[in-house]
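Biologist: Please take me through a few features of this structure, and tell me how to read each one.

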Amino acid sequence: MTERQSPELELDRFIDDLNREEQPEPPSSPEMAGLFRTVRAVRSLRTQAEPSSGFEERLLHRAGRKWLLRWGALLEAGLVAALVVVMALLLPRAARRDEAAAMAQAAARATRYHAQYLVSIMRDGTAADAYEEEILHVWVDGNRYAYEKERAYRTVYTGELKWQLRIGERLVVPLPAVRDRLPLALNLREEAEKAVRHPHRLIGHERVWGREAAVIEVTPPGEEAYRIWMDQESRLPIKLALPKRDGVQITYTFMKLEPDAAIDPALFTYRPEGYREASHDLGQVVFTEAEAEAVAGFAPRVAGHLPRNMIARPGQVHMVYGDAIVTQALATSPFAPAQQNVVGTAAGGPVEQVGYRLRWRQGNLEMAVEGIGGGRLVGLARRLAPDLTMTPEAEAFFQRPEVTVPVSPDDELGRLQAQVDQGHETWRLDPVLTAMEFLSSRPDLRPPSGVQVTRAAESTEHLAVVSLDRGPVQRVYLRRLLRQNPTGIWTIVGYDRR
Amino acid sequence: MIEESLVARAARGDRQAVEQLCRQSWRQLYAFVYQKVQNREEAEDVTQETYIRVLRALPRYGSIPFHGLLRTVALNLIRDRWRKTRGIRRLTPEVEVFPTSDPTDHVADRDLVARALNLLPQDQRQVIELRILQGLSTAETARRMGRTEAAVRTLQYRAVQALREVLS
């Protein structure tokens, strides 16, 4: 007779058993069984515990010995039952082939739809950024599409033109007319047909955002298997999970999918009323201070030596110094940084720090230095404003990477970006994945199994710092060198050894 | 990827092939089983038992994809274990300890679990993070949260209940 215990205590003991990696006692009631399942589901977010020391040898010994002793013995009834299930699951059946084929047929018909699309990135471990997500609203009408993020940016593609509306600024920014690669979101047919083309099998059923879905595993030749979910009612693909790599799982899901939705034609209007166009505001490449002054209308301050690149437009000059960019602009309003961001003084006024960016007022110019955290950035700022002082905390923040990684030439980066635009190596869009790929390729830097990786809070859209809790590297520094938006690839620029 | 020739050799009784087959495949199987049972002890037991059964069956079923065979037998073993424990711990003949659904279905969509966690009140989320995700003891969790151990048990019970509601 088992001693009765309170439900709270029973659950507590169950959690303790799992935390000790021991087999728990079974539940005492259906209610408790449900809670146990919930605890196990939560634990699936953790990194799996490695088997105990010597497990492989024990397994080989036991399996090998039993196999020899029982060779030729009759199969146990349970195994026969298991194999019946195996046959049912694994052997090809016309009905199963039909699942993917039906999905492809339904997807081919769905040429106009509105969707709410979720991109989720799940990392092993319990770090604060173990889960990240982005939700987009998507409208597709034949070959043209639009997608919107946080009611702030709307990207529109018509087949001939592509642009981005910056809704808050009422600005239209033209973009190269290249289709985006958002798996599943913009072309249902492509993913469904891919599933039909490659070996695939039905592996079960699950609910996806309230809808019953069939789970199909697809194994392209020479690649790892991935999964696609088909809505049982509409037969449309509604979820795609890429193979897990380096402890990171990327999943694309339609939280809502409305086939044949009415699409407002105004979505595809190039310049909506009240918007201005940014195409003539991109600046001009100049080579000397005098040229910059002629375009900008003021003499920019040069930090000791001429920058590698200089771009000027009326009222503003950008200068590129290796890893850092200096921006100088004629001030048009008082300089009023948020008090919590003030980290020092320069030219008699406050210095503001936001991520890896320093900003201050110098005479009639607003100065900004942005770059990878390092002595070079602060050094540049000091050459522009020799009296610059910062708090010890801010100085420490800008310590340069211990090791600088040479950046590939622009044409090589362009080639990599183009690959990503076409849907290949999309991990380059994620700084953590990019950092892990880099570290894994270097035997001397390779992180240990189960390492926890965090994107540091000071990261911005242009710059990312990835921290690792163990292994030979402590921090990896990355930059978006070509495009400073979510479609831009990340490039490693340095790292700190532990 | 397991070579078919290796499976065929193992099926014919080649001891070295059996060993190689195990070495090449056990990590993947262990990870699969662990995901279901969420503890090392049980995962090791089920993994070992799976090999014993599959290797015995190889001469007859060697043509079936090896990883698929391992997984299916492992799943059946897990189900068997759950059924057995159900029989032992049934309180009365009327009380069904487990629901009729597959007990291994607990491995829910990880996205949904993570999202569901974010829907919980801060203190419930914290207790789950400390106790289940970080694996701290009740005493240590109580110390960090500034509560008694009894209060932590009550809070964690409510948190898991709330999470179950959200997930269902």
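Modeller: Begin with burial: a residue is buried under 20% relative accessible area, exposed over 50% and partly exposed in between, using a 1.4 Å probe and protein chains only. A:Y117 is buried, with a relative accessible area of 0%. This is a predicted model, in which local features need pLDDT of at least 70 and side-chain atom pairs pLDDT 80 or more, while totals for chains, interfaces and linings use all residues. Residues are numbered from 1 along each chain as its sequence is written, chains are lettered from A and ligands numbered from 1 in the order in which they are written, and side-chain values use heavy atoms, without hydrogens and water.

Biologist: How many aromatic pairs are there over all chains?

Modeller: Rings of Phe, Tyr and Trp (its six-membered ring) pair if their centres lie within 6.5 Å; planes under 30 degrees apart are stacked, over 60 edge-to-face, and the rest tilted. The count over all chains is 11 aromatic pairs. In one of them, A:F55 and B:Y30 have ring centres 6.1 Å apart and planes at 55 degrees, so the pair is tilted. Helices (H or I, at least four residues) and strands (E, at least two) are DSSP runs, numbered from the N terminus. A:F55 lies in helix α3 (residues 55-69) of chain A and B:Y30 in helix α2 (residues 15-37) of chain B, so this pair joins two chains. A:F55 is buried at 2% relative accessibility, and B:Y30 is buried at 1%.

Biologist: Which pair is A:Y117 part of, and is that pair stacked or tilted?

Modeller: The ring centres of A:Y117 and A:Y252 are 6.2 Å apart and the planes are at 10 degrees, so that pair is stacked. With A:Y117 in strand β1 (residues 112-123) and A:Y252 in strand β11 (residues 248-259), both of chain A, the pair ties together parts 135 residues apart in sequence.

Biologist: How should I read the packing of α6(B) and α7(B)?

Modeller: Axes are lines fitted to C-alpha atoms, for helices over the stretch in contact, and angles run from 0 to 180 degrees between N-to-C directions. Helix α6 (residues 122-133) and helix α7 (residues 138-145) of chain B pack at about 140 degrees, with axes 10 Å apart. Under 35 degrees is roughly parallel, over 145 roughly antiparallel, 65 to 115 roughly perpendicular and the rest oblique. That makes α6(B) oblique to α7(B).

Biologist: Which residues of α5(B) are buried?

Modeller: Among them are B:R110, B:D111 and B:V113. Seven of the 10 residues of helix α5 (residues 110-119) of chain B are buried, so this helix is largely enclosed by the rest of the structure.
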